[in-house]
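I opened my notebook and went through this chain step by step. Here is what I looked up.

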Amino acid sequence: MMTYRTVGWRIWGASLTTCAILGAAASAAAPLEANRPLVIAHRGGAALMPENTFPAFDNAVRLGVDLLEFDMEMTSDDQLIVQHDGTVNSTFCTADPGSGVTPGPVRNLTLAQVKRFDCGSKHRDIYPYQAAVPGTYMPTPAALFARYRHAKVMFYGEAKMPGPGEGDVDPVLFTKKIEAVIRKYQLERRFILQSSDYRTIDAMHAINPRIRTCLLRPWDAKTDFLDLARKHHATCMLLRLQDADAAQVKRLHDAGVMVVSEVIDDETNWRKYLARGDDALFTNDPARLVSFLKNNSIRH
């Protein structure tokens, strides 16, 4: 039987276990079990329901995941929208022909315009079994927090900067917008900011160091992972199997850094990441992962 060691997060001068952190997610909730990995629903569980939408997040909460992962972009009127792609993807996001709105860079569209796209009637080719939910639109982070603030979940949001040709966003302004909505809904202890653009990570530490941050693509820095975490005041890091072994993960744990897997949807790799000692597993298919953990007596 596989076992999982709960790791302490040393944050703000204190040592907190992942279970204690999640226990703060809902004061009325029963204590969470120790010795089990956390389940992160990637884009809400994109293999099952339209990505980054309420149908996906509703389903993930029903399944009992620990963290809802979602992506954030900034519109032309400096508003936040939950959306992965820097340019509205016409493969699965379409607007009514009479709306006058056409796909383009999110940064070139207003919030009102991006909210006209139905992103639930179609799906990406990589999610062939995703259920169609016509009339599903992009939510804002504020709407997402309002909907799930009383659910027993944490929020794992990624700050997505525009790509080439998609416009420019001031990373500090972007981060200030994210911090403001987190603070509005009093979710500072239940939110993790992830990004591969460490300017947003650094900005969040400067603006509100109570909000935890996670480094995406740390291997690109080509430096010692613990040194990188300390440099950016991060308490979380996503690492692939080829990036770190169990000894390296333990070293990060001992320093209070949470280790998260890459996005994986198969049992073979779930077992490998569990054997390495990861704190959380990222997946597009939270139904299968939750079932796998239960069937192997890893999660109750």
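**Entry 1: the whole chain**

I began with burial. Of the 300 residues in the chain, 55% are buried. I kept in mind that this is a predicted model. Next I looked up the secondary structure and found 10 helices and 11 strands. Then I turned to contacts with a sequence separation of 6 or more: 59% of them join residues 24 or more positions apart.

**Entry 2: the core**

Which residues have the most contacts inside the largest nonpolar core? I noted Phe70, Phe145, Phe155, Phe174, Ile178 and Phe191. That core has 40 residues. A general point goes beside this: in soluble globular proteins, nonpolar side chains tend to be buried together.

**Entry 3: leucine 173**

I moved to leucine 173, which lies in helix H5. Is leucine 173 buried or partly exposed? Its relative accessible area is 28%, so leucine 173 is partly exposed; the cut-off for buried is under 20%. Leaving aside neighbours within four places in sequence, I found leucine 173 in contact with Met74 and Asp78. Leucine 173 and methionine 74 are 99 residues apart in sequence. From C-alpha to C-alpha they are 9.9 Å apart in space.

**Entry 4: H5 against H6**

I looked up both values for H5 and H6. They pack at about 50°, and their axes are 9 Å apart. That angle makes H5 oblique to H6. I also recorded that their crossing is right-handed.

Which residues meet here? From H5 I listed Pro171, Val172, Thr175, Lys176, Ile178, Glu179 and Ile182. From H6 I listed Arg199, Thr200, Ala203, Met204 and Ile207. Ile178 was already in my notes, as one of the residues with the most contacts inside the largest core.

**Entry 5: what covers H6**

Helix H6 runs over residues 198-207. Its buried residues are Tyr198, Thr200, Ile201, Ala203 and Met204. What covers them? The cover includes two helices, H5 (171-184) and H7 (225-231). It also includes the strands S6 (154-159), S7 (191-195) and S8 (212-215).

I checked aspartate 197, in the loop between S7 and H6. Its relative accessible area is 14%, so aspartate 197 is buried. Its side chain makes a polar contact with the side chain of arginine 199, at 2.8 Å.

Glycine 163 sits in the loop between S6 and H5. At 21% relative accessibility, glycine 163 is partly exposed.

Arginine 217 is in the loop between S8 and H7. Its phi is positive, about 55°, although it is not a glycine. Arginine 217 is partly exposed, with 39% relative accessibility.

**Entry 6: H2 and its surroundings**

The axes of H2 (residues 54-63) and H4 (residues 141-148) come within 12 Å and cross at roughly 30°. H2 and H4 are therefore roughly parallel to each other. Their crossing is right-handed. H2 makes the contact with Phe54, Phe57, Asp58 and Val61. H4 makes it with Ala143, Leu144, Arg147 and Tyr148.

Which residues of H2 are buried? I wrote down Pro55, Ala56, Phe57, Asn59, Ala60 and Leu63. They pack against S3, strand S4 (67-74), H4 and helix H10 (286-295).

Last, I looked at both sides of H2 in the sequence. Asparagine 52 lies in the loop between strand S3 (38-41) and H2. It has a positive phi of about 60° although it is not a glycine. With a relative accessible area of 2%, asparagine 52 is buried. Just after H2, glycine 64 takes a positive phi of about 90°.

Terms used. Residues numbered from 1 in each chain as written. Predicted model: local features only at pLDDT ≥ 70, side-chain atom pairs only at ≥ 80, totals over all residues. Heavy atoms only, no water. Buried < 20%, exposed > 50% of the residue type's maximum accessible area, 1.4 Å probe, protein only. Helix = DSSP H or I, 4+ residues; strand = E, 2+ residues; numbered from the N terminus. Contact = heavy atoms within 4.5 Å. Core = buried A, V, L, I, M, F, W, Y, C linked by side-chain atoms within 4.5 Å. Polar contact = N/O pair within 3.5 Å; in protein donor to acceptor, adjacent residues only side chain to side chain. Axes fitted to C-alpha atoms, helices over the stretch in contact; angles between N-to-C directions. Parallel < 35°, antiparallel > 145°, perpendicular 65-115°, else oblique. Left-handed = near helix turned anticlockwise from the far one by under 90°.
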